[in-house]
Amino acid sequence: MNIPEWIEANKKSFIELSDQVWQFAELGFTEQRSSGLLEAVLEESGFEVQRGIANIPTAFVASYGTGKPIVAILGEYDALPGLSQEAVPYLKPRQEGGNGHGCGHNLLGVAGLAAAQAVKEAICLGDAKGTVRYYGCPAEENGSGKTFMVKAGTFKDVDLSLCWHPDVYNGIVGVNVLANIKVNFRFHGKAAHAAYDPYNGRSALDAVELMNVGANYLREHLIPDARIHYVITNGGGSAANVVPPLAESQYILRAPLLQQVNEIYQRVMDVARGAALMTGTEVEFIFQKGMSNLLLNDTITDVLYEKMIQVGPPEYDQQEIEFARQISTTCPQSDMTGLLIKMYGKEARALVPQDAVLLSPVMPNVQMDFVAPGSTDVGDVSWVIPTGQIETTCAALNTPSHSWQIVAQSGMSIGHKGMLYAGKVMALAAQEFMTHPERLKEARDEFERKIKATPYQCPIPDGVQPF
Ligand SMILES: [Zn+2]
């Protein structure tokens, strides 16, 4: 069976599906309509669907086939708040203040579905052997859906997993990302009249502010790749004449390794305790979520790269190039070529033409000693099953992530082309592992070797609920 041809022949339905999810634009853990739609489509095409897995209503798994190997394809479908946007190359919200697919997860979820359905066809024709599973993974943004799914044992019997993410270039994921945790610091003080008897009050807001000062002094003494960000989620109320009895901040701590994140967390907790001591308040640590860094797998990466070359990246027509050009004029300046060189080596330079707006070439298959300054909950999946990932061009080169510009391009043909390319590559890679047990064994052996050297530790403590 020719997998790319099958996906191409059915592309109309995948594009429609992606556009529907794009319009739903539901936030993490509330993706009822998006997950419901994908579940229904998979069920209708013969997959067995289990809904609400890992105690998350919008998480699901759809399976087709029997026996081993079990190859998983990961999908996401959550949107971001405040990024509502029409599919046009200038700022025009569909709904003022509404949500938008600013990370292209509508494309992400449907490419995985297309790949799973293509593998199903291959199984039916005897051109692949085993079971293909589509994992519907909610709340990648701000929710670590997959980490909770890993913790619940959802991937236990899976042999290998494949995934992708929309980006501004085509290439394998050969660099690491940052592990992170998100924690709220809730300070409890004592209310009092701010003029009449402030000496009887203990300000929880003072504690929040002093903690932030302490954390900012801490930055200098952390490893350069570490990141600390915070917001004040409860500023202590709206009346300045009341000493705030309750205030809260939220911190995200990131570093290349989970162990480093945990060390930073210990120090930030000390800063919070110090702020509580100074202000006579009490502090409560409320753990929200966490994600591990990636455990890369060279064997899977090699197969994915092979298939990226085999399928060949999409080409663009004049209209798409013009759309991308217009989008580019609205984007901030960025040194994407510099970043690509850090991720793919010096050879990447020759692949980025000076006036490029849409990047078509596939970046070299190399692993660089560089940590990309982002995070993904695919990290945790990669520590429990051998996992490989690619990125495909779904947006103009200078497009910043989590932006209205991504929303616009995820709802039109530039995004669609990247989605179909990713679907074809993942399906071919899945078929490769289902028909070549020696390559699957190689991927598993590599995984076991790495896990033995550094065992997995889940970043989320027991008892923490996803929402
Ligand atoms: Zn994303």
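Where is Pro69 found? Pro69 sits in the loop between S2 and S3, where helices (H or I, at least four residues) and strands (E, at least two) are DSSP runs, numbered from the N terminus. The peptide bond from Lys68 to Pro69 is cis, with omega near -5°. Before going further, please keep in mind that this is a predicted model, in which local features need pLDDT of at least 70 and side-chain atom pairs count only at pLDDT 80 or more, while totals for chains, interfaces and linings use all residues. Residues are numbered from 1 along each chain as its sequence is written.

## Domains

The domain assignment of the chain gives domain 1 (3-176 + 293-453) and domain 2 (179-291); these bounds come from an automatic or database domain assignment. The C-alpha centres of domain 1 and domain 2 lie 36 Å apart. Eleven residues from domain 1 and ten residues from domain 2 take part in the contact, with two residues counted as in contact if their C-beta atoms, placed from the backbone, lie within 7 Å. On the side of domain 1 that touches domain 2, the classes are one nonpolar, eight polar and two charged residues. For these classes, Ala, Val, Leu, Ile, Met, Phe, Trp, Tyr, Cys and Pro count as nonpolar, Asp, Glu, Lys and Arg as charged, and the others, Gly among them, as polar.

## The seven-stranded sheet

An open sheet of seven strands has the order S1-S2-S4-S3-S5-S11-S6, and its pairing is mixed. Strand S1 (48-51) and strand S6 (171-172) stand at the edges with a single partner strand each, so one side of each is left without a neighbour in the sheet. Pairing here asks that DSSP finds at least two bridges between two strands. S1 and strand S2 (residues 60-65) pair in the antiparallel sense over four bridges, and Arg51 stands opposite Phe60 in S2.

H9 lies across strand S5 (160-167), S6 and strand S11 (387-393), running at about 30° to S11. H15 packs on the sheet and touches strand S3 (70-75), strand S4 (131-136), S5 and S11, and its direction makes about 165° with that of S5. Axes are lines fitted to C-alpha atoms, for helices over the stretch in contact, and angles run from 0 to 180 degrees between N-to-C directions.

## Helix pairs

| Helix pair | Axis separation | Angle |
|---|---|---|
| H9 (residues 298-311) and H15 (residues 413-435) | within 9 Å | roughly 130° |
| H2 (residues 11-24) and H15 | within 11 Å | roughly 120° |
| H2 and H3 | 9 Å | about 160° |

Angles under 35 degrees count as roughly parallel, over 145 as roughly antiparallel, 65 to 115 as roughly perpendicular and the rest as oblique. H2 is therefore roughly antiparallel to H3, whereas H2 and H15 are oblique to each other. H2 passes H3 in a right-handed crossing; a crossing is left-handed if the near helix is turned anticlockwise from the far one by less than a right angle, and right-handed if clockwise. Leu17, Gln20, Val21 and Phe24 of H2 meet Arg33, Ser34, Leu37 and Val41 of H3. By class, the contact of H2 with H3 has five nonpolar, two polar and one charged residues. Ala25 lies in the loop between H2 and helix H3 (32-44), and has a positive phi of about 40° although it is not a glycine.

H2 also passes H15 in a right-handed crossing. That contact is made by Lys11, Phe14, Ile15 and Ser18 of H2 and His416, Met419 and Leu420 of H15.

The crossing of H9 and H15 is right-handed. From H9, the contact involves Val303, Leu304, Lys307, Met308, Gln310 and Val311, and from H15 Tyr421, Lys424, Val425, Leu428, Ala429 and Glu432. The contact of H9 with H15 has eight nonpolar, one polar and three charged residues.

## The four-stranded sheet

Four strands form an open sheet in the order S8-S9-S7-S10, with antiparallel pairing. Strand S8 (227-234) and strand S10 (282-291) are the edge strands, each pairing on one side only. The twist averages 20° from one strand to the next. S8 and strand S9 (residues 246-255) pair in the antiparallel sense over seven bridges, and Asn234 stands opposite Glu248 in S9.

Helix H7 (residues 204-218) lies across strand S7 (179-188), S8, S9 and S10, running at about 20° to S9. Helix H8 (residues 258-279) packs on the sheet, touching S7, S9 and S10, and its direction makes about 155° with that of S9.
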